[in-house]
Each structure stands twice: as structure tokens, then as C-alpha cells.
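Good morning, and thank you for coming.

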Amino acid sequence: MGILEKISEIESEMARTQRNKATMGHLGLLKARLAKLKRELIEPKGGGGGAGEGFDVAKTGDARIGFVGFPSVGKSTLLSNLAGVYSEVAAYEFTTLTTVPGVIRYKGAKIQLLDLPGIIEGAKDGKGRGKQVIAVARTCNIIFMVLDVLKPLQHKKLLEYELEGFGIRLNKEPPNINFRKKEKGGINLNATCSQSELDSDTVKSILGEYKIHNADITLRDDATAEDLIDVIEGNRIYIPCIYVLNKIDQISIEELDVIYKVPHCVPISAHHKWNFDDLLEKMWEYLQLVRIYTKPKGQLPDYSAPVVLKLGRVTIEDFCHKLHRNLMKEFKHAVVWGSSVKHQPQKVGKEHGLNDEDVVQIVKKH
């Protein structure tokens with residue numbers, strides 16, 4: 001029996017099994033089996049789960065956005081119109097299977113737009129192309145899921161199910177579970193809050209499927225069997241997703257008001273280029289990038305080409321590494337203007353944390 005037959009057999013057994021206290025352990029076991037089979041599907045034995053031949057998409061720019069959606073929802077129109085309106089270059093430096101209309105420039109950052117074709121058509125039946133698309137999808141900073149506003153829910157569910165099956169978690173935080181394998185001592189389970197799904201039998205049956213018989217586990221949230229499996233598998237990717245509801249020219253104002261209240265959603269019309277500003281604004285908010293402007297000595301700051309870094313604590317040292325890998329060897333101190341300093345300007349060291357749109361001048365040792 002092939003992997004796909006095994007997967008559908010387990011899925012139908014799960015659908016037949018009633019959820020109650022007595023079946024939790026068995027369901028946990030089935031979910032673990034399913035996760036292992038799906039892993040084999042993405043990473044066939046004997047080969048890495050790489051991006052595959054002819055599908056290595058060179059990463060350019062400061063961030064990468066992957067577009068997923070069914071045919072005829074207006075994904076290509078959106079891609080080409082966004083690239084047409086905001087494009088800096090038509091970036092056709094990509095090979096064969098992807099269509100990339102370009103790298104757009106927004107608020108000084110270069111953002112690569114990638115069409116991820118055939119996630120549904122290819123990935124589900126384990127065709128090579130599907131696996132390669134998934135490998136690229138896992139490298140995106142954000143997923144834009146393009147949906148037809150007239151039938152969004154069934155498409156959204158199918159796409160989410162596919163991506164989930166390949167270890168991509170949308171708009172979720174990693175589970176708050178501490179998991180540590182050990183040499184001996186059996187399974188030691190602690191929970192800092194009450195659990196509605198995981199008890200020690202369920203945890204043991206899931207771990208047993210992975211042949212893990214000695215481990216310390218601490219559950220810090222009300223966790224599900226899937227959460228525990230994600231932590232054991234250890235290869236999950238957590239990506240923000242914006243649901244782009246297209247074709248709003250076909251619905252009423254009242255319906256539009258309702259859509260605006262749905263989390264992570266932006267209604268647009270790709271054809272009429274309506275509401276692109278809102279979409280890009282939300283994209284910017286989810287990307288969480290920090291722009292730092294450079295100021296050469298005796299000159300005005302260069303506002304045209306910021307150095308763009310990922311949010312988190314961004315230090316002068318991070319900024320220097322992004323400019324040139326040897327810059328820190330010659331670093332004496334930095335002079336900073338902006339919201340991260342009290343005085344304008346202020347002399348700081350390499351540990352200083354920077355804020356968005358700070359201006360920095362690096363002073364080298366003589």
C-alpha cells in the first residue's frame with residue numbers, strides 16, 4: 001500500500017472514531033501516524049526536502065511574499081497589477097515553474113512576490129512539483145491567500161488543510177510546550193494549566209508512535225494532540241497569512257462591512273485595483289521590518305535606500321553586518337538620530353538597539 005492510500009485510510013478511520021475521553025489516546029496515535037506519513041511525502045527517504053531541480057527561486061530583496069489560491073480567483077491579475085503599480089523591476093530572473101511578476105518597492109523595502117502554483121494540484125498527490133512548491137512556500141515571510149469573495153470559506157479550508165499537512169502553520173504561535181528527550185526515567189508529564197485533550201495516556205501513545213519512552217514534557221497552555229506532534233516533529237514553520245478577498249465589485253456595501261471585521265482579511269478588486277493601499281499597509285504591519293538610513297560623514301542622510309532588517313531587537317552590530325561583514329573590525333562608535341536615542345544626535349556603542357527610521361553614521365577606528 002502506498003503512502004497516499006495509508007494517509008486516506010487513517011483519515012477515514014479518524015472520521016469514523018467518536019471523540020470522547022476513551023478514544024483520545026487512539027486518536028492521538030492516529031494523528032501521530034498521519035504526521036509521520038505526511039513527512040515522508042514531503043521528504044522522501046533518501047533525499048532532502050529541497051526545492052527541487054529547476055525550482056530554486058533566488059531570494060532577492062528584504063522579504064518574500066507567497067501567493068496561493070485556486071485558478072480563476074484573480075491571483076495572476078493581482079500579482080501583475082501590484083507589480084505593475086509598485087514594481088521596481090520586472091524580475092524575470094527565475095526559472096521554469098514559477099511566474100514572478102516582480103519585486104515591488106514599498107516604504108523603501110524591496111519585496112519579492114512569488115506565485116506558488118499548484119499547491120493543491122501537486123502537493124496532495126505527492127507529485128514532485130507540489131513538494132517543490134511547498135519547499136518554497138516554507139521560505140516566505142507572509143502568505144497571501146487569494147480567495148473569491150463569493151465562495152471564500154470552502155477554498156480557505158482546502159488551502160489551509162493542504163498547507164497544514166505540510167507543516168506550515170498560518171497566523172499561529174508555536175505551541176507553548178517544553179519537550180526534552182532523556183536517556184532514562186520514563187515519561188514525566190507536567191501541566192501548568194488544566195488540559196481538555198492531553199492526558200498522560202494520550203501523551204504516551206503519541207510518544208510511543210515516535211518510539212520515545214523517556215522524556216520530560218511541560219504543557220504551559222491547554223494543548224492539543226496536534227500541538228504536541230508539532231513540537232515532536234520539530235519542523236513546523238509559523239507564517240503570518242493575509243486572506244485577500246478578491247472581486248469585491250460583485251458584492252454589496254453591507255457585505256463588505258462584514259468582511260472588514262474578519263481577522264487577517266483584506267477585501268480588494270484586483271481587476272479595478274481597488275484597496276491595494278490597505279493590502280500593502282497590512283502587509284507592512286505583518287512583515288515587521290525596520291528601516292535604518294545611513295548618513296555618510298559630512299553628507300545628508302540617504303533616505304532613498306534604507307538598510308532593512310527584520311524586527312526583533314535590532315542593534316548597531318546587526319546593522320553593520322548587513323552593510324558589510326568586515327565593518328565591525330573597524331568599528332569605533334556610531335552616531336544616531338531618531339526615536340531610539342534621547343539626544344539628537346547621540347554617540348552609541350554596538351549594543352545600542354535601533355528603531356524604525358533611525359539615521360546612523362558609523363565612525364571607524366583610524
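Let us begin with leucine 82, which has a relative accessibility of 0% and therefore counts as buried, since the cut-off for that word is under 20%. Please bear in mind throughout that this is a predicted model. Leucine 82 belongs to helix α3, which covers residues 75–86. Glycine 102 is 20 residues away from leucine 82 in sequence, and their C-alpha atoms are 8.9 Å apart in space.

How many of the residues of β1 are buried? Six of the six are buried, so the strand is largely enclosed by the rest of the structure.

Which strands pair with β1? One is β4, residues 109–115, which runs parallel to β1 and is joined to it by five bridges. Within this pairing, isoleucine 65 stands opposite leucine 113 of β4. Another is β5, residues 142–148, also paired with β1 in the parallel sense, over four bridges. Here glycine 66 has isoleucine 143 of β5 as its bridge partner.

We come now to the largest nonpolar core, which has 54 residues. Which of its members touch the most others? They are Leu78, Ile111 and Met283. Helix α10, residues 276–287, gives the most to this core, with seven residues. Setting aside neighbours within four places in sequence, methionine 283 is in contact with Ile65, Tyr106, Ile111, Ile142, Phe144 and Ile242.

Finally, let us look at another part of the model. An open sheet of three strands has the order β7-β9-β8, with mixed pairing. Its edge strands are β7 (177–181) and β8 (187–191), each of which pairs on one side only. From one strand to the next, the twist averages 5°. Strand β9, residues 215–219, pairs with β8 in the parallel sense over five bridges. In that pairing, alanine 191 has leucine 219 of β9 as its bridge partner. Helix α7, residues 200–209, lies across β7, β8 and β9, and runs at about 130° to β8.

Thank you for your attention.

Conventions
Residues numbered from 1 in each chain as written. Predicted model: local features only at pLDDT ≥ 70, side-chain atom pairs only at ≥ 80, totals over all residues. Heavy atoms only, no water. Pairing = 2+ DSSP bridges. Helix = DSSP H or I, 4+ residues; strand = E, 2+ residues; numbered from the N terminus. Axes fitted to C-alpha atoms, helices over the stretch in contact; angles between N-to-C directions. Contact = heavy atoms within 4.5 Å. Buried < 20%, exposed > 50% of the residue type's maximum accessible area, 1.4 Å probe, protein only. Core = buried A, V, L, I, M, F, W, Y, C linked by side-chain atoms within 4.5 Å.
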